[in-house]
Amino acid sequence: MICHLKIIFVWISLVPQLTDGGSVTWYEPTPAKTTSNQNEVLPPGRLQVYEGSSAVLQWNFSLTSNIGFTFIKFKGATVVTIRSDGKAGDVSANFTGRLSVLSSTKQTAALSISRVIFADDKANGEFTCEVLTLSNERWKRAIQVQVLAPVKITDQVRGDQVVPKGGNLHLFCKVTGRPAPNVNWTKVPADGSNEIKHYGPTWNFTNINVTDSGTYSCVANNKVEDPVRGQAVKVIVVAPVSIADTENKFIVTVGEIVTLNCKAKGNLPLSYTWTPCSEVQVCDMETLDTPPVNKDVNFTCKAADEFTDDSKSYIVFIGGTVINITLVITSESCTDGEYDRSTLLGKLNKTFNDVLADKFGLLKMKLNNVRCGSLKVDLALNFNSTTKEIDVITELRKAVKDGKLGEFTVSSIDGTRDDEGTTSKVPTTPKSSSNTAAIVGGSVGGGLLCCAAGGAAYYKKKQNENKKKAKNPRVDNNGGQGRRDGDQEAGCDNNYADVGPGANCPRKGGNVRNEQGIPDYAVVDKTKRKKKTPKPGELQYAELGELTVPGRKATMPRVSGTDTVYADVRS
């Protein structure tokens, strides 16, 4: 540690000694030296002084020759001249104010510096005592002043540094001080020790990694005073939030619940937000249980940390191997409150086969119910593979627009729902001027016979139960539609799980549960069939051949509101 130096007196003793062959002995500055070679460069004296402090330079020597003059110089320029009698002249104008002769004799000289500045530093020149003898000998001894300044950190990187993984980071620490400080960067580990990670005032991270996260500080030291530590800098390397590339499209039947999984990764704590999400749902978890699905819906998961986020869409489509649609047909009308179902089914069979068979693999079609007035019936289209409802409806609407539904004029096509809303309108190609209308619709089919009034009442009851369950979507119905308790899961596809009636298969990236819990058809013993007028609520059936053979009249009795007619699509 260098203490502040106030005043240092340097006595220069000029003691003339006559000797054969001139020589000089320098007692001060130290170390003491004797030489008889005028050209020999003796080691300089050294003096360390804080900038702004005062200092005194002193010389003390003896000669073997008579003294003529003594000159005190700085950087080769004369500061003051001392005569042979030891008396000093005036200080040169260039040095007045800060420099003065404190004392002088034939043997000593002391030069005072009232306020040391950096211009006095050895980097800019030396203070020299030059003795000229009467025999024209010149003897010299220098003193170097080292101007000291404590370390100061004038500027540095500040605040938390957030950088993405793989990015670049520039740390800097600007310092002053004399001598020039050495600067290094340390990382403070958990145990509190300091580990030097980099030498130098600037540090450029390239391709930074998560392991580089931590607290850093610069340390400057010029060995004048204690090392100076800069402000700690917290480096946060963020691995961008990324949601896993899992299945995000699902096809389900009406009323099913899907568990969506938004698996995300990042090196910071994550939060989740699902939209849309109702008040009764848990919307801030990694997974989301949807309410019973009644239409195509797009859910969005946003996973975020403090600095980055990622989003992913999950699309749930209504569909399956059976698609239920409702048509409003303005070109057909009832007669005496009834309609010839077999004739209508035959016409629809041919028309729908032309439109849907090749593109979607339509297998058969089922007509459940026709009601006059505001006519609403169930029309179920059975396909050979899982199909989206929206794709079928879009294709049919396009056929309406292009006039490909034959003699039918259709004003609307929509998916069938138990609680129907307003039916969307589609472009039509008029085929007649009839003002009457027939509505042909469908519900979930797939069996030879369809449940009638009793099954419909039971479905309505279950639907009400499902609405209650929708308020708490975490309640699962183990008795899925068309599936007995204990049945093994079957028919699950690798891309989309089987979403036909009764399936309860887990999806990739989500689980789908059927919430209806009722069978949509019943198998009837056909050996007991009789052609008779049915009673209300009684199940009716007929072979397809009896209804669709050209030229043969359908013999099935008509029962308004409860009977079922179906037909295979002929290729």
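With -85 degrees about the S-S bond, the disulfide of Cys-262 and Cys-301 is left-handed. The model is a predicted one, in which local features need pLDDT of at least 70 and side-chain atom pairs count only at pLDDT 80 or more, while totals for chains, interfaces and linings use all residues. Residues are numbered from 1 along each chain as its sequence is written, and side-chain values use heavy atoms, with hydrogens and water left out.

**Exercise 1.** Determine which parts of the chain the pair Cys-262 and Cys-301 links, and whether these cysteines are buried or exposed.

Step 1. A disulfide is assigned to a pair of cysteine sulfur atoms within 2.5 Å; for Cys-262 and Cys-301 the S to S distance is 2.0 Å.

Step 2. Cys-262 lies in the loop between β22 (257-261) and β23 (264-265), and Cys-301 in strand β26 (residues 297-304), so the link joins distant parts of the chain, 39 residues apart. Strands (E, at least two residues) and helices (H or I, at least four) are DSSP runs, numbered from the N terminus.

Step 3. Both Cys-262 and Cys-301 are buried. Buried means under 20% relative accessible area, exposed over 50%, and partly exposed in between (1.4 Å probe, protein chains only).

**Exercise 2.** State how many disulfides the rule gives, and describe the one that joins Cys-173 to Cys-218.

Step 1. The count comes to three disulfides.

Step 2. Cys-173 and Cys-218 are joined with an S to S distance of 2.1 Å. Cys-173 belongs to strand β13 (residues 169-178) and Cys-218 to strand β17 (residues 214-221), so the pair ties together parts that are 45 residues apart in sequence.

Step 3. The torsion about the S-S bond of Cys-173 and Cys-218 is about 45 degrees, so this disulfide is right-handed.

Step 4. Cys-173 is buried, at a relative accessible area of 2%, and Cys-218 is buried at 0%.

**Exercise 3.** Describe the disulfide of Cys-277 and Cys-283.

Step 1. The S to S distance between Cys-277 and Cys-283 is 1.8 Å.

Step 2. The link of Cys-277 and Cys-283 is left-handed, with -85 degrees about the S-S bond.

Step 3. Cys-277 is partly exposed, with a relative accessible area of 25%.

**Exercise 4.** In which sense do strands β27 and β30 pair, and over how many bridges?

Step 1. Two strands pair if DSSP finds at least two bridges between them. Strand β27 (residues 309-329) and β30 pair in the antiparallel sense over five bridges.

Step 2. Leu-327 stands opposite Ile-413 in β30.

Step 3. Strand β30 (residues 410-415) is mostly covered, with six of its six residues buried.
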